[in-house]
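Dear colleague,

I am passing on the structure we spoke about, so that you can look at it beside my notes. Please read the notes with the model open.

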Amino acid sequence: MVDQPVSVQNPHTPSDAPVLVSGASFAGLATAYWLNRLGYRVTVVEVASGLRKGGTPVDIEGETVGILERMGMFDAVRAKALPPRTFEFKDAQDHTLGSFGLESGPDAPPRTRFEIHRDDLLEILFAGIDGSVELLFGRSIKQLNDGPEGVTVTLDDGTLRTYALVFGCDGNRSNTRKLVFGAEKNFTYFMGGYVYLKVVPVTGILPSNVSQVFSVPRRTAMLNGYDDRTDIGLAFRTEGEIEYDYLDRAQQRAMIHDHFDGLSWKVPAALTHVDTDDDFYFDRINQIRMPFWSKGRVALVGDAGYCVSPVAGMGGSMAIIGAGRLAEALERHGADYTAAFQDYHDKLQAFVDEVQIRAANEGMATIFPADDAEISERDRKLRDGELDL
Ligand SMILES: Cc1cc2nc3c(=O)[nH]c(=O)nc-3n(C[C@H](O)[C@H](O)[C@H](O)COP(=O)(O)OP(=O)(O)OC[C@H]3O[C@@H](n4cnc5c(N)ncnc54)[C@H](O)[C@@H]3O)c2cc1C
């Protein structure tokens, strides 16, 4: 269900100019949607053979609500929104140390914060562009040459095409960023740990519509309960980055066991799901911090340019906000892409910085406390009602 979008009219948009988007997740689908509305001829390349499903729900609030409304998609999001959720912090005996959550019921204030399954949001965004843009799955950019006439792009199947603009929406380990801006290590801010996330079709580990968090120094287990599934999150801190093979799932499972075997609370129940299959998300907890998100005719959107990390709890929102702000800038400046990219950066940078700094400091200390002192401070904030994730 996608309602009719408000029309966009910009006499300065270079009509029908071909543009390329790399990545078909939140940033890529939202960017493709806006570029199509602005009158560009859009191609999307996605390295996976279809939309990359899986993962934990996405929070939608504030500016993201307004952008989804302007995209004509908010009703569809609200229809799929999950019930309000309570957060509980637990000790080893499963006593609740503190909790907070949204009020529900007839007297509750109107809802301004929504949560939606990652896959549902992907489907809604996809429905907004399907049939209007060219989608090439199983394809990736191999080479980019930015010249006066446009960006000449070679895809990994050998296809060669020239685009007026290219948008890197290909995530935390962005291929476009690597090709245009250089090595990933120059932009990666490691936050000091690793996270494992898995969705299991099992209920009863905890009640529905509740999230529970259990921490000991340097290790946190987090469970989200739903009517039909449970999210399992296991995160551990390390002194520095550790060497591991991204493709070796057995090695990643072993790392989880090394850090979590022997812990109490519901950790043993969570660990029974770790070895069942390779369908899980495991990555370092990091941010992408760049001085500027564009170079010539190439701009980055979402995690590719400013990953805020899972700790921020708003990676999906940030990607949608980024695409919306980019569209506003392109609409404002028409064919002057240099001015548009500068504007996009200038108007979004302060917000990105604020979210990243909060996640790296309070976010890490609250969700992944490093020591007993951070756990005590978290418990004090819980008692004093100072926590709101
Ligand atoms: C399968 C999956 C599960 C996730 N689960 C969680 C989660 O549980 N919790 C959480 O906080 N965050 C999760 N994330 C990250 C979260 O989606 C992002 O932080 C956020 O949504 C920002 O979106 P994005 O579009 O910028 O990046 P992403 O959602 O990471 O999307 C990047 C897209 O680019 C594609 N891509 C990568 N390389 C190339 C290439 N060379 N060429 C073309 N396309 C390419 C990817 O396949 C992907 O579709 C997950 C990401 C993925 C892909």
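Below I go through the overall fold, then the ligand site, and then one aspartate in a loop.

Please keep in mind throughout that this is a predicted model. The protein contains eleven helices and 18 strands. Its radius of gyration is 21 Å, close to the 21 Å that the globule rule gives for 389 residues, so the protein is as compact as a globular protein of that length. Taken along the principal axes, the C-alpha atoms fill a box of roughly 65 × 50 × 35 Å. Of the 389 residues, 53% are buried, and the protein exposes about 17000 Å², of which carbon and sulfur atoms supply 49%. Among contacts between residues at least 6 apart in sequence, 71% join residues at least 24 apart.

A polar side-chain atom of D303 lies 2.6 Å from an oxygen atom of the ligand, while an N or O atom in the side chain of S140 is 2.9 Å from a ligand nitrogen atom, and V47 places a backbone N or O atom 3.2 Å from a nitrogen atom of the ligand. The ligand taken alone exposes 920 Å², and the protein buries 86% of that area.

The aspartate is D91, which is found in the loop between β4 (86-90) and β5 (96-101). Is D91 buried or exposed? Its relative accessibility is 19%, and because buried means under 20%, D91 counts as buried. The side chain of D91 reaches the backbone nitrogen of H95 at 2.8 Å. Once its neighbours within four places in sequence are left aside, D91 is in contact with L97, F214 and W265. By contrast, the C-alpha atoms of D91 and G72, which are 19 residues apart along the chain, are separated by 44 Å.

Definitions and conventions: Residues are numbered from 1 along each chain as its sequence is written. This is a predicted model: local features need pLDDT of at least 70, side-chain atom pairs count only at pLDDT 80 or more; totals for chains, interfaces and linings use all residues. Side-chain values use heavy atoms; hydrogens and water are left out. A polar contact is a pair of N or O atoms within 3.5 Å; within protein, one must be able to donate a hydrogen and the other to accept it, and residues adjacent in sequence count only if both atoms are side-chain atoms. Accessible areas come from the Shrake-Rupley method with a 1.4 Å probe; for residues, only the protein chains shown count as cover. Helices (H or I, at least four residues) and strands (E, at least two) are DSSP runs, numbered from the N terminus. Buried means under 20% relative accessible area, exposed over 50%, partly exposed in between (1.4 Å probe, protein chains only). Contact means heavy atoms within 4.5 Å. The radius of gyration is taken over C-alpha atoms; the globule rule is 2.2 Å times the number of residues to the power 0.38.
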